[in-house]
Every structure is written in structure tokens, then in C-alpha cells.
Amino acid sequence: MDFDQHFKHALETLKTEGNYRVFAEVERQCGNFPKVKRYIGEEVQEVTVWCSNDYLGMGHHADVVETMVNAVQSCGTGAGGTRNISGNNHMHRVLEEELADLHGKESALLFTSGYVSNWAALSTLGAKIPNAVILSDEKNHASMIEGIRHSRADKVLWKHNDWRDLDRKLKAVGDRPKIVAFESVYSMDGDICPMREIVEVAEAHGALTYLDEVHAVGMYGPRGGGISEERGLADRISLIEGTLGKAYGVVGGYITGSTAMCDFIRSFASGFIFTTALPPACAAAATASIRHLKNSSVERRAQRDRVARLRAKLDAQGIPHIGNDSHIIPVMIGDPVKCRMISDILMRDWGIYVQPINYPTVPKGTERLRITPGPLHTDADIDHLVMALASLWRQCAVAHAVA
């Protein structure tokens, strides 16, 4: 077999369909977020980022940066290996205690990313609980899907955010051990789950509840504990999973739950046992970020103001976007080639960076620009973005009319 020819053919197919991904070469500037430098050969262009998951700009917060720098100077740059081999760094323990407190749980366990925490935890629970069946929302993240698949447990999909369908399917499963896996904020449409109803249905059937809060931690609740804290439901959810790489502005993933559950996953999850631990400096910076957002609502309030302002401006210009109660604004395009083209023009002509979201991240025909306003976007930034989008929408409308 000519392997390279096979690879090239597959890549050409992606390009023809408009789903080939191109990375912009950018450099974040500490203290100047959401501005970044974009490199085009020898040329450098300053652009404004509108698609970052550093939702609150905490990756540039002075206290977080200073904490990481001090920790590097104190501990060095790496963890030295897995926690089983290199030891349990003090900063790991402190961060896990902070995370357990954030969600009102007995214990927490760190992973190297939110993807790994979902994959490792779900695969371990599904594989190590005898005769388990996992009931998964049909729009769960790829990391959850991979964890469930790797577990080899039986899987049942329930309709997205449809707690009545979940109830029917839990009844059909019978008296087997059941795990209900769902998210609080779904990252592509920005919709928020009917959490209370899901939890009540799961409780009625004696199911373990597994909640992914990666797009909600830091963002919702009086201390940033997510939608489960905001709605007073955290104590009724068996396991809450989150990330340190979005609103907290650092890197890493985690789970929280009972001491027995976290120790069980620590002891059996290959994704924890055999993976180099987070650098202590990252753990220290994440702890600083979490502590700040537990006590400060300034960033969350400012972020919500930016979202409301941008939505109102888009509505005034007739630019279609999905309505939801979250911080995520999906501007719908519906065509992969056009989505890529609009993204390129925004970058080249307007100094605006919004990455196109195409298949397989979203279903074909629902391609979009996923916009995430943050507290550091100014009124001028918002006006500039809306002006650019309105100009492109008018051009697309004229081109469509001519065609």
C-alpha cells in the first residue's frame, strides 16, 4: 500500500468538502488580551481574538501569572513524571483540596486535561462497575464518547436535554447499575441542560450522575462552581468533572466526588496512572485563579455585559445567531466553504480572529462562527466586529441575489 498517497487523498477530500483545518499562527501577549500577534511570513498583524476559551482572561491575570512564575522559580518547569513515580507534589494536593471545596465534594483528582479526565473517569467507571450501562446525552463531547467506548460498557443514547426520554430509557434498562452522563453547558450551541429534571430522574432510578461542567466552571454560581452550584444541585450529583484550561486560564482537568470514588478512579484509571502529572507551576497558577474567582464576581458580571451588548448589536443588524442563556454566541453560516471564507476575510481585512466551526465538530449544514465575548473586549471591539459581520452579510446577500 502507498500510505502517503492514501493520506494525501484523504486530506484532499477534506479540502474539497471545506472541512480541512488551517491553524492561524498567533502569539498571545500577556497583559494585552484579547489582542494577539498574527505571523504571516515576516509580517506581523495585530488581531482581536473572539473565539478563545480563556473566557474571563484569567490566563493574563497578574496574580495568576505571578504565581506561576514564582512556582517555576521555586520548583522548576516539570513534574518529573507520574505522581506514582515522582511523588505527590504539595501543589497538586493543595489544588485538589481547592477543587473539592469549589464543588462541595469530599475529594478531587487532577488530570492533564479535561479530555483526559472525561476519557479516564468514564472508561474506568464503565469498565470496573460490573454489568454497568452508561446513558449518554446524544450531544456529549468527544472525550465522553471516547471514554464510554473504551470502557466497553453497554451504552444507551438519550435525546439531547430530553429528561423524559432519559426516564423512559432508564426504565428500560431495569435494575442494572446505571451511569447518567451529561453536560451543563454544551459548547457549540451554548444551550444549558435542564439539570434539576435530569438529576431527579436519575435519582428515581438509583443512577450515578456524571456531570461535565467544563464550559461552566468559573463562569456560573456565586463562587464559579458552575451551573450545578448556581442551581443548588452540586450536592445531588455523584461526580462533577471540569477543566482548568478555559475560564481558569491555565491547563488541566479534574473530577470531584466522594473520597471512595476519586480513590477508585485514581487506583484503576490508566489515563491517570501512566500519564506525567501537571507541572507544579500550572497547579499553583490554577489554584490562584480558582481562589480569585471564588471571591470575585467582577469578571463574570463584565463578561455577561459584553455578551448582552454583542447579542443586541447582532440582532439590530439581522445577523442570525442561536439564542441561549450562556456566554457562547454561535453565528450560523450553514456552509463549510463560506464559513472558512468569512473567517479568512475577517482575519485578513478586519483584524478579527474567529475560527470556523465545521464538521465533524458540528453536523454538516450547521457550520458556524463560535463567538465568545469576554470582559476585556471593549465597546469599540464589539462595534468593529459587528460592522465587519454586517458588511460581509450584505456582500453575501448581494452575491446570492445575483446568483
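Hi everyone. A polar contact is a pair of N or O atoms within 3.5 Å, where one must be able to donate a hydrogen and the other to accept it. With that in hand, let's look at this structure, which is a predicted model.

Let's start with Arg370. The side chain of Arg370 makes a polar contact with the side chain of Tyr55, at 2.8 Å. A polar contact also links the side chain of Arg370 to that of Asn53, this time at 3.0 Å. Where in the fold is Arg370? You'll find Arg370 in strand E14, which covers residues 368-371. Now, does Arg370 count as buried or exposed? Arg370 is buried, and yet it has no salt bridge. Asp189 is the nearest side chain of opposite charge, and it is 8.9 Å away.

Side chains of opposite charge can pair when their charged atoms come close. How many salt bridges does the structure hold? There are 26. One of them joins Asp54 and Arg28, with the closest N and O atoms 2.8 Å apart. Asp54 sits in the loop between strand E3 and helix H2, while Arg28 belongs to strand E1, so this pair ties together parts that are 26 residues apart in sequence. Asp54 is buried, with a relative accessible area of 6%, whereas Arg28 is partly exposed, at 42%.

Next, please find Glu98 and Arg291. They form a salt bridge too, and here the closest N and O atoms are 2.8 Å apart. Because Glu98 lies in helix H4 and Arg291 in helix H12, the pair ties together parts that are 193 residues apart in sequence. Glu98 counts as buried, with 13% relative accessibility, and Arg291 counts as partly exposed, with 42%. Another salt bridge brings together the side chains of Glu229 and Arg223, at 3.8 Å from N to O. Arg223 is partly exposed, with a relative accessible area of 26%.

On to the rings. A pair of aromatic rings is described by the distance of the centres and the angle of the planes. This structure holds two aromatic pairs. Phe111 and Phe272 form an edge-to-face pair, 5.9 Å centre to centre, with 75° between the planes. Phe111 lies in strand E4 and Phe272 in helix H11, so the pair ties together parts that are 161 residues apart in sequence. Both Phe111 and Phe272 are buried.

Why is the pair of Phe264 and Phe268 called tilted? Their ring centres are 5.1 Å apart and their planes meet at 50°, so the pair is tilted. Phe264 and Phe268 are four residues apart in helix H10, which puts about one helical turn between them. Phe264 is partly exposed, at 25% relative accessible area, and Phe268 is partly exposed as well, at 44%.

Lys15 lies over the face of Tyr20, 4.7 Å from the ring centre. Over the ring of Tyr359 sits the charged end of Lys364, 4.8 Å from its centre.

How many disulfides does a search of the whole structure find? For Cys51, the nearest cysteine sulfur is that of Cys339, 11 Å away. Cys51 counts as buried, at 18% relative accessibility, and Cys262 counts as buried too, at 3%.

Key:
Residues are numbered from 1 along each chain as its sequence is written. This is a predicted model: local features need pLDDT of at least 70, side-chain atom pairs count only at pLDDT 80 or more; totals for chains, interfaces and linings use all residues. Side-chain values use heavy atoms; hydrogens and water are left out. Helices (H or I, at least four residues) and strands (E, at least two) are DSSP runs, numbered from the N terminus. Buried means under 20% relative accessible area, exposed over 50%, partly exposed in between (1.4 Å probe, protein chains only). Lys and Arg count as positive and Asp and Glu as negative; His and the chain ends are not counted. A salt bridge is a side-chain nitrogen of Lys or Arg within 4 Å of a carboxyl oxygen of Asp or Glu. Rings of Phe, Tyr and Trp (its six-membered ring) pair if their centres lie within 6.5 Å; planes under 30 degrees apart count as stacked, over 60 as edge-to-face and the rest as tilted. A charge sits over a ring if NZ of Lys or CZ of Arg is within 6 Å of the ring centre and within 35 degrees of the ring normal. A disulfide is a pair of cysteine sulfur atoms within 2.5 Å.
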